[in-house]
Amino acid sequence: MATATKVAAAPTETPARPGPRRGRPLRWLPLAPATVMLLLFLGGPIAYCVYIAFTNMQLTGASSTDFVGLDNFQRAFGDDDFRNAVVLTLVFTLLSSLVGQNTLGLALAALMQRASRPVRTLTGSIVIAAWVVPEIVAGFLLYAFFRREGTLNALLDWLGLPSQNWLYTLPILAVSFANVWRGTAFSMLVYSAALSEIPKEITEAAEVDGAGGLGRFWHITLPMIRRSIGTNLMLNTLQTLSVFGLIWAMTRGGPGNRSQTLPVFMYDQAFNKSLIGYGTAVALLLLLVGAVFSVVYLRLMREEV
Amino acid sequence: MRPTAPLILAATLAATAGLTSCGGGSGSDPDTVKVAYNRSTDNKIRFKDNHLAEVKKQFEKANPGKKVKLIPIQAQDNDYATKVQQMMRSPKTAPDLVYEDTFRINSDIKAGYLRPLDDYLDKWKTWDQFVDTAKAAAKAEDGKTYGVPDGTDTRGLWFNKKIFAKAGLPADWSPKNWNEILEAARTIKKKVPGVTPLNVYTGKAPGETSVMQGFEMLLYGTGEAGGNPLYDPGAKKWVTGGKGFSDALGFLKTVYSQKLGPDISDALDPNVGTTVFSEWLPEGKLAIALDGSWLGQNWLKTGGKPWPEWSKTLGQAPMPTQHGQAPGKVSMSGGWTWAITAKSKNPDLAWKFIERLQTKDNAVTWDIVDAQIAVRKDVAQDPKYTSSMPGITFFTGLVKNTHYRPTTPVYPQVSTAIGEAMEAATTGDTSPEKAAKSYDDQLKSIADGATVAAGGQG
């Protein structure tokens with residue numbers, strides 16, 4: 001876009017605005033197929049979803065679909081199960097994304113900076129392996145880890161500690177841990193990149209000035225990678241908000257609805273109860289939650305610049 | 001150079017149009033019948049696949065130039081229904097013939113997915129062989145029939161005589177009321193440790209399995225609301241949960257809170273149904289199972305879990321009513337039907353395939369291999385059928401006292417609401433009374449206010 005501005009700006013009187021309509025229409029040509037595709041396959045379905053959210057469309061049981069205005073949204077706010085899902089979604093996001101993936105990813109990245117090469121390679125590949133595994137496979141793996149006869153309880157038994165039926169007693173914690181297990185690699189990679197960008201001289205200078213390890217980390221490293229923290233938090237949060245396969249495979253939102261986050265709730269309404277309209281409205285609300293998070297992070301990042 | 005822009009645009013549009021239409025498959029081929037059915041999630045079980053492949057062969061031989069395309073959908077029942085409903089929405093993906101659970105068929109009729117079969121049935125002599133309850137199973141509120149049933153099922157108590165002997169219980173056990181079931185379970189818990197005394201399906205994850213096999217087997221035995229504890233067909237209104245409803249939930253609560261049932265995390269596992277017949281019963285880990293007539297099929301030589309000694313080990317008893325009130329026993333029946341989709345382009349050919357499926361030989365074979373309880377008089381009398389499996393006469397005998405679920409479009413939603421109430425009561429999250437209350441609230445919104453209280457009997 002920058003070059004386009006310069007070239008197009010020369011003959012016209014409004015230098016800030018390029019004139020794509022006159023002069024250089026061919027510049028848009030290579031983009032046309034992609035734009036059409038996007039409109040067809042992305043814009044179309046999204047617009048259709050927005051429309052459905054305002055109707056009472058059902059998968060079965062009703063022959064006609066009527067426009068019902070804001071009914072679905074009103075219903076959501078009056079629905080105990082929806083509120084429960086919102087709370088669980090926030091807990092899940094806070095635990096697994098903000099606290100878990102983010103902190104652990106940063107810690108791993110910082111530690112790996114100092115580690116010897118073999119240790120670094122080994123740790124890196126283990127963590128990344130967890131990330132590469134498809135979500136549903138990760139779900140089954142962790143189901144096997146947490147279930148009553150699972151690995152975790154076997155370990156606890158071996159250590160002489162009391163075993164727990166994790167998926168039943170603490171389902172939201174179990175799925176949060178699963179998400180940390182799976183998603184930490186991403187944060188680690190982001191932070192590894194950010195940390196390696198910090199010029200050596202600054203750290204050395206601080207060292208000369210007598211700053212200890214923790215002090216250097218707090219006063220030098222953290223401020224210098226703040227933007228990466230913001231980006232990482234935003235991506236993590238958005239990704240965590242939409243986690244479905246992991247929870248579905250591990251608990252199906254149960255027992256009761258004690259691990260029913262918004263995506264699971266949405267699926268349940270739309271496909272188990274056939275209420276497509278209501279389910280879609282919930283999906284839009286989820287989108288809204290994601291947007292709020294994004295705006296907050298973007299604001300935080302802007303202030304730092 | 002300018003004209004290239006619209007050209008490329010047109011080309012792109014053409015390409016995408018091509019993409020979307022080829023996604024639909026051969027929807028308009030007039031010589032092919034597309035048949036969608038549910039394949040078992042247990043990979044060892046392929047009765048239906050094999051039977052349909054055999055009928056397909058017969059059909060293609062008898063109708064030269066015509067083809068049958070079998071579309072197996074390997075999924076649990078809830079997911080199968082969702083998938084098929086999505087397919088039926090669009091003419092591009094709609095199969096010609098679908099295998100439909102009778103409890104969903106009215107919902108799909110209301111949604112306009114299916115085609116009435118009356119014109120075909122009028123000319124079809126075999127239809128007279130079907131018993132009346134079966135004929136009604138796929139009849140919609142508009143009085144038209146939308147499916148041909150190919151069998152039904154009944155439910156009762158299966159019990160392990162060896163475990164019973166160890167616990168000092170009789171081999172010809174036949175409980176007279178709910179209490180006697182619980183007493184037997186308590187005895188087993190005390191005398192035969194390590195064995196799960198009683199399995200009653202519960203919770204959301206097993207879907208309709210827990211609602212029908214678990215909850216409704218209890219509820220219909222309470223005798224509440226004059227024997228129609230869910231739906232009053234006269235008033236066309238749904239019945240809100242009364243005492244019978246809470247009692248049935250209370251029974252579940254007793255079973256699971258007193259640890260007479262399986263571990264709760266096993267009970268809430270979506271695949272618990274498969275575990276019961278493939279592990280718990282054959283391995284002697286479960287003493288009493290409230291389950292369906294079809295279990296025996298899995299233990300035949302051709303079944304997924306061959307277990308020749310099962311008929312010596314297992315006994316059957318009818319499920320008693322709550323206090324033993326008349327008629328003393330209770331059963332629920334369902335079954336599946338073949339239905340032609342509204343968007344099918346080859347309904348006549350699809351009907352021909354149904355006729356082929358329902359030749360007497362094919363019908364007998366099907367009821368035998370799938371352990372169905374026959375819905376046709378000629379099949380029920382066929383010696384091959386009556387001798388096909390130990391216990392088949394017992395379960396056929398239950399047909400007298402059986403109940404069918406309300407055949408209204410919103411039943412599947414009601415079923416989901418019941419599953420939630422069961423799960424809440426089983427996990428102890430809420431009391432049975434509170435779970436029943438929350439069911440009432442949901443029911444009112446599902447039935448659009450058309451509800452009636454369970455009434456004075458409670």
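Trainee: What makes the meeting of K273(A) and E420(B) a salt bridge?

Mentor: Start with the caveat: this is a predicted model. In it, the two side chains meet at 2.8 Å, N to O. The cut-off is 4 Å, between a Lys or Arg nitrogen and a carboxyl oxygen of Asp or Glu. The value of 2.8 Å is within 4 Å, so the pair of K273(A) and E420(B) counts as a salt bridge.

Trainee: How many salt bridges are counted between chain B and chain A?

Mentor: The count between these chains is 2. Over all chains, a search of the whole structure finds 16.

Trainee: Why does the pair of K273(A) and E420(B) join two chains?

Mentor: Look at where each residue lies. K273(A) is in the loop between α14 (262-272) and α15 (276-304) of chain A. E420(B) is in helix α19 of chain B. One partner belongs to each chain, so the pair joins the two.

Trainee: How do you know that chain B is in contact with chain A, and how many residues take part?

Mentor: Contact needs heavy atoms within 4.5 Å. By that rule, 39 residues of chain B are in contact with 36 residues of chain A. The two chains bury about 2900 Å² between them. Of that area, 53% is on carbon and sulfur atoms. The interface also has 14 residue pairs in polar contact, both residues at pLDDT 80 or more. On the side of chain B that touches chain A, the elements giving two or more residues include α1 (4-22), α3 (77-89) and α19 (411-427). α1(B) gives the most, with 8 residues.

Trainee: Which domains does the assignment give for chain A, and where are their bounds?

Mentor: Domain 1 is 2-53 and domain 2 is 81-304. Their C-alpha centres lie 36 Å apart.

Trainee: How do you know that domain 1 and domain 2 of chain A are in contact?

Mentor: Again, apply the 4.5 Å limit on heavy atoms. 4 residues of domain 1 of chain A meet it with 5 residues of domain 2 of chain A. These domains bury about 340 Å² between them, 86% of it on carbon and sulfur atoms. C49(A), I52(A) and A53(A) supply 85% of the area on the domain 1 side, more than any other three residues.

Trainee: What makes β1 and β2 of chain B a strand pair?

Mentor: Pairing takes at least two bridges. 8 bridges join β1 (residues 32-39) to β2 (residues 67-74), so these strands of chain B pair. They run parallel.

Trainee: Why do β11 and β14 of chain B stand at the edges?

Mentor: The open sheet of 3 strands has the order β11-β12-β14 in chain B, with mixed pairing. β11 (319-320) and β14 (402-404) each have a single partner strand, so one side of each is left without a neighbour in the sheet.

Trainee: How do you know that β11(B) and β12(B) pair, and in what sense?

Mentor: Count the bridges: 2, in the antiparallel sense. At least two are needed, and the count of 2 for β11(B) and β12 (residues 329-333) therefore meets the rule. In this pair, P320(B) stands opposite K329(B).

Definitions and conventions:
Residues numbered from 1 in each chain as written. Chains lettered and ligands numbered in written order. Predicted model: local features only at pLDDT ≥ 70, side-chain atom pairs only at ≥ 80, totals over all residues. Heavy atoms only, no water. Helix = DSSP H or I, 4+ residues; strand = E, 2+ residues; numbered from the N terminus. Domains from an automatic or database assignment. Buried area = accessible area lost by both parts, 1.4 Å probe. Polar contact = N/O pair within 3.5 Å; in protein donor to acceptor, adjacent residues only side chain to side chain.
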